Amino acid sequence: MASKFSHHHQLHVFIFPITAQGHMIPMISIAKLFAARGVKATIISTPLNAITLAKTIDQDRLSGLDINIETIPFPAVEVGLPEGTESVNQITSLDMMPKFFLAVDMLQQPFEKLLEEYRPDFVVADMFLPWTTEAAAKFGIPRLIFHGTNMFSQCVAGSLRIHKPFGSITNDKESFLVPDLPDKIEMTKSQVPEYITGGTESLFSVVMGKVRESEQKSYGVLVNSFYELEPAYADHYKNAMGIRAWQIGPLSLRSNDGTLDKAAKEKESSIEEHNVLKWLDSKKPNSVIYVSFGSMSKLSNGQLTEIATGLEESGSSFIWVVRKSMTDEDENYLPEGFEERMEGKGLIIREWAPQVLILDHPAVGGFMTHCGWNSILEGITAGVPMITWPMFAEQFYNEKFVTQVLKIGSQVGADEWKDWVETAEVSVKKEKICKAVTQLMSEDGQENKEMRKRVAELSEKAKRAVNEDGSSYVQFSALIEELQMSSKTSTSQ
């Protein structure tokens, strides 16, 4: 498809992700998506992250895609962070966050030097880099925002911020309706982020204020979603909130023909993937539950024990991605003898797992997730129903979307928004975990059958959306044409 736009001036985009794994992965997919359509893509990164990125895009460059990396030093030591700290995933305590955001703000000046040197036609920058709107404007360059979440959560957050329906509620567990939305959405005050409910101005409320301000001044928003998944909220976002947006996902289906880009992924850790897929091949269809809480969730040893016991008592086969808390020094974070007892029944993977490949396997029939948007969209794309266990950020909004709007998942019972670095507590007991797994993995029950049917239909819609003439493909084409015309106009003046 690259030739379609080749008779025009070649557009050049700067892609600038925040250094957090959950944000970088989809933004690299965006870079590849632009490059596959004939746009020159330059990824802005920090030195250590650039090494990893180079390995990711090497194959794409060999296949002829015009993707490059430019690095900006990350001033960790200057702000009081340990040397070599370049990623949100390396943050281990709340007092490190202000320093991290200060370091991120200090990237503006070197970024402007790159803008001045290269003069790209437009910038796609992460939401947590709000100053990129102002930086790009200095050179007459439009900036698009990548939020890393869906339109539903943006609409919910906007309604909560404006209307404050929780204002008169004294009981944190009492339900209230989120006003002015297409659906009846119920939440409790304990599920709303503290930067929205809090009376005092926190670091995150200040950051989010800057994000909203930059959003109003930006060219628009790129969304890792597809129109058929949330049509009412796509329309509400544009009409009621007045922000231009293009839905270009699912980005996990990133390739020209909409098929899973398995070839590139299989090179990342082929031995690990071979072992996982071989284990799954021995299981019956829909018999395995996949348990993973993302790259940033940090669970206490006590909570890991509850999960282990709940999985064992459920009797279900499982794959569990275990990430040990960085601050917990106790190495015995699983019950004694658990791994031996679960041999053949459960597969434990430490730290990294080929999630897209696992979810796509016929043996996987359920997904226990922290409700990060990347994970939810990957689950939908694979046609797998979910058990929702939100913890922080916008994850409780995403849970409502899965359980109340799409009706393709059930709640495990987590009911309190937390700072993501908090690890000390046990928020969900083994009994709730066991019950949720048993119910979801049961082959009986009309509700289960309807849930599986709904998610299977959404999976098909996701795959159609990225095919040529699909909604995401068409929206992306329209954006490129618009940027091409804008570039042509600006160069002719």
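Reply: Start with strand E1, residues 12-16, where 5 of its 5 residues are buried. Buried means under 20% relative accessible area, exposed over 50%, and partly exposed in between, using a 1.4 Å probe and protein chains only. Strands (E, at least two residues) and helices (H or I, at least four) are DSSP runs, numbered from the N terminus. The model is predicted: local features need pLDDT of at least 70, side-chain atom pairs count only at pLDDT 80 or more, and totals for chains, interfaces and linings use all residues. Residues are numbered from 1 along each chain as its sequence is written, and side-chain values use heavy atoms, with hydrogens and water left out.

Now look at the side chains of E1. His12, Phe14 and Phe16 point one way. Val13 and Ile15 point the other way. All of them are buried.

Next, the neighbours. Two strands pair if DSSP finds at least two bridges between them. E1 is joined by 4 bridges to strand E2, residues 40-45, and the two run parallel. Find Ile15 here: opposite it, in E2, stands Ile43. E1 is also joined by 4 bridges to strand E4, residues 122-126, again running parallel. In this pair, Val13 stands opposite Phe122 of E4.

In helix H4, residues 108-118, the buried residues are Gln108, Phe111, Glu112, Leu114 and Leu115. They lie on the same side of H4 because they cover an arc of only 155° around the axis. That arc is taken from the directions from the helix axis to the C-beta atoms. Turn to the other side of H4, and Gln109, Lys113 and Glu117 are exposed.

What covers the buried residues of H4? The cover includes E1, E2, strand E3 (67-71), helix H3 (97-105), E4 and helix H5 (131-137). Contact here means heavy atoms within 4.5 Å.
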